[in-house]
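Please open the model in your viewer and keep the selection panel at hand. The stops below are meant to be taken in order.

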Amino acid sequence: MAASVSSLVSYGSDSDSENESESVTGAEKVTPVDPDATAHLKPLQSAPTMSVAVLNSAPEVAVKESVETGTHLDPSLKEVTYNPTFETMFAPEFGPVNPFKSQQMAAPRNMLSGYAEPAHVNDFMFEQQRRTFSTYGYALDPSVDTHQASSNTYIGAVDEAEKNKGLTVFETGHKKSEKRKKLKGGDAGEIDNFLGPWAKYVDEKDVAKPSEDEQKELDEITAKRQKKGRNEEDAPADEKTILHVKDMYDYQGRSYLHVPQDVGINLRSADAPDKCYLPKKQIHVWSGHTKGVSAIRLFPNSGHLLLSCSMDCKIKLWEVYGERRCIRTFIGHSKAVRDICFNNTGTQFLSAAYDRYLKLWDSETGQCISRFTNRKVPYCVKFNPDEDKQNLFVAGMSDKKIVQWDIRTGEVVQEYDRHLGAVNTITFVDENRRFVSTSDDKSLRVWEWDIPVDFKYIAEPSMHSMPAVTLSPNGKWLACQSMDNQILIFGAQNRFRLNKKKVFKGHMVAGYACQVDFSPDMSYVVSGDADGKLNIWDWKTTKLYHRIKAHDKVCISALWHPHETSKVITCGWDGQIKLWD
């Protein structure tokens, strides 16, 4: 410990140093200081004589083997500056050695019963071996490589392991199930041999079986039912059309597809009205459907005709101006029609129904041009809006796929198969280069045309299914009817982000695909709801401006006429279509 004793260094006159040395007693001797270590502390010759006591806090200590360095070594040290002995390296961390500690007590321990070496075993393997050991008394030896199959790889009841060929409790479980099935009277998968859970209590003599004649009759009835059902399902319904007006052509030979010029509005112009106003009253009712109306579509560009499809399996074409008559009825589906879509010119339209058929119709003659089916229910259908792709259309199906057909060949040319639920809507955006689809899987996906991999996928935990989507007139926004009674707005350009400032609330639509629409000048947003009401919001403030009781049942769709300032068309499940102004 002599090396650790601090030294008092003094400098000054020789007499001072002599007095200092005399004052030191014989019991305490000061270790002489190396003159080189204190050379920098000596004053210059020109300075006045002075005396200062300095404590050397870091004296140089020569470490040798003979020097005692202590029996404790900090275990947290990463580096040792000397060569310690074995006793020093393995000395107790704190305190002296316990003379009474046995070898068992001195052994390392990381659990109550001893020391367990760390090993990587996943939870399933551990649970599998634990259950096997508790059931059969043997398990794999964790200290041996499991790929070496021998009797030495097992611990516990090795004989039992050899008898069972080392099978685990999960692998031997099928014996028990076979026993249970045998007791119950056969396998439920084999319906001919399955006698039911009460089979062991029933004598075969008491089982009632049909006689040979009765069995023949039953087989004939069953075969007829199967054949009839299969034919009804496979065969499409016969198509026919009914013209409700006296003359299909006017005195100039123009059909009802010709845009009228005497309505006071330039329907040929693509310009929207400058200012739109809230509709206040009902001015007309189109009635003719016997069941609820599923969807309504205005004639492209002009909007002088209205196409409607219904749950009564019929499609009807109506006049919007003039006498507002029903012009033609298209009959050709055996089940409810879900969706309809015009092509760009309006000369043809597609219909999608629950009879699993998509049909292409001629708007003027009422003739069914083509039929398309892949044995799945189509939920929505859309023509490609590009002029050079009018022969292509896409349909969202019940089997989670979006199927693309070519009208000219009648064949499927592309399938977009990424959704996890039935596809509800398809909306073309970005100058028709892309389209957006929504599904029952509560997601929104964006696709490049003809590329069957979605390049954008939006699905948040808080999102709900969005079964109705509408593109705004300026092409910048997507209005999505969400099942949590909200209309959400997504950007339709580039990033497709949710606009959190534009959320339209106050209506009740949960469970219904109520179609949303915008006013032509982007001032208002309109939507029906489950109570049969027409709701109108202000686009800028998202405030609910107006609410009209429009239908007795669900108001499933609302369309704002593209050339009118305040005309809105609604349809509902009460079978009526109404015009509001």
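The tour goes from a surface patch to a sheet, then to annotated repeats and salt bridges.

This is a predicted model, in which local features need pLDDT of at least 70 and side-chain atom pairs count only at pLDDT 80 or more, while totals for chains, interfaces and linings use all residues. Residues are numbered from 1 along each chain as its sequence is written, and side-chain values use heavy atoms, with hydrogens and water left out.

**Surface patch.** Select Val121, Phe124, Met125, Phe126 and Phe170, which make up a nonpolar surface patch with about 500 Å² of accessible area together. Patch members have over 30% relative accessible area and no salt bridge, with like charges joined within 9 Å and nonpolar side chains (Val, Leu, Ile, Met, Phe, Trp, Tyr) within 5 Å; the areas come from the Shrake-Rupley method with a 1.4 Å probe, and for residues only the protein chains shown count as cover. Phe126 belongs to helix H4, residues 123–136, where helices (H or I, at least four residues) and strands (E, at least two) are DSSP runs numbered from the N terminus. Phe126 is exposed, at 54% relative accessible area; exposed means over 50%, buried under 20%, and partly exposed in between (1.4 Å probe, protein chains only).

**Four-stranded sheet.** Next, select the open sheet ordered E19-E20-E21-E22, whose pairing is antiparallel. Its edge strands, E19 (423–429) and E22 (456–458), each pair on one side only, pairing being counted if DSSP finds at least two bridges between two strands. Three bridges join E21 (residues 444–448) to E22, and Leu444 sits opposite Ile458 of E22.

Residues 416–448 are 0% helix and 58% strand, with end C-alpha atoms 10 Å apart, and for residues 516–547, at 0% helix and 56% strand, the ends lie 14 Å apart.

**Salt bridges.** Which residues pair with Asp430? Asp430 bridges to Arg433, with the closest N and O atoms 3.0 Å apart, and to Arg434 at 3.6 Å, N to O; a salt bridge here is a side-chain nitrogen of Lys or Arg within 4 Å of a carboxyl oxygen of Asp or Glu. Asp430 is partly exposed, at 24% relative accessible area, whereas Arg434 is buried, at 17%.
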